[in-house]
Amino acid sequence: MSDAITEGVIKTTSVDELLKIEDINTVVISVSNHVHKEVVIKAAKAGKNIICEKPAAMSVAEYDEMISVVKDSEVLFTVHEQRRFDEDFRTAKEVYDQKTLGNVFTVQSMLYGINGNMHDWHVFKKYGGGMLYDWGVHLID
């Protein structure tokens, strides 16, 4: 990669190096799901505001621990749920809210990918909690 292309771009090889940069006030946590807690806690303790990819944590206990550190650190924290802004999701919500179809009792939403899974690593609980946990949060949200 040419230095001209990356001129002015700060490059680090670790989360710890990144979090030491004082000019950075907000970080986007987009590591694998099972590492969210560790990185969110480090970022909060470093005084960084946080936008965390979903699912934020692998359990309620992990999430509670993260929120406790976030509050103690007095930083801002939010979970990134970008699908709620997708046109198809917004249209479905509008149809539901306006009762365009009457009372809706069931909604079926499907995702397709390799062997019925969006990505192979999503099926392993230790990495992402499975398809419902990783992708299902979009559909439930």
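In this predicted model, Glu 65 and Lys 37 form a salt bridge (a side-chain nitrogen of Lys or Arg within 4 Å of a carboxyl oxygen of Asp or Glu), with 3.1 Å between the closest N and O atoms. Because Glu 65 belongs to helix α3 and Lys 37 to helix α2, the pair ties together parts that are 28 residues apart in sequence. Helices here are DSSP runs of H or I with at least four residues, and strands are runs of E with at least two, numbered from the N terminus. Glu 65 is partly exposed at 40% relative accessibility, as is Lys 37 at 24%; buried means under 20% relative accessible area, exposed over 50%, and partly exposed in between (1.4 Å probe, protein chains only).

The structure holds 5 salt bridges. In helix α4, Lys 93 and Asp 97 lie 4 residues apart, about one turn of the helix, and their side chains meet at 2.7 Å, N to O. Salt bridges that share partners also join Asp 16, Glu 38 and Lys 42 into one network.

Turning to helix α3 itself, its buried residues are Glu 62, Met 66, Ile 67, Val 69 and Val 70. They sit on the same side of α3, because their arc around the axis (taken from the directions from the helix axis to the C-beta atoms) is only 165°. On the other side, Val 60, Ala 61, Lys 71 and Asp 72 are exposed.

Residues are numbered from 1 along each chain as its sequence is written. Local features need pLDDT of at least 70 and side-chain atom pairs pLDDT 80 or more, while totals for chains, interfaces and linings use all residues, and side-chain values use heavy atoms, leaving out hydrogens and water.
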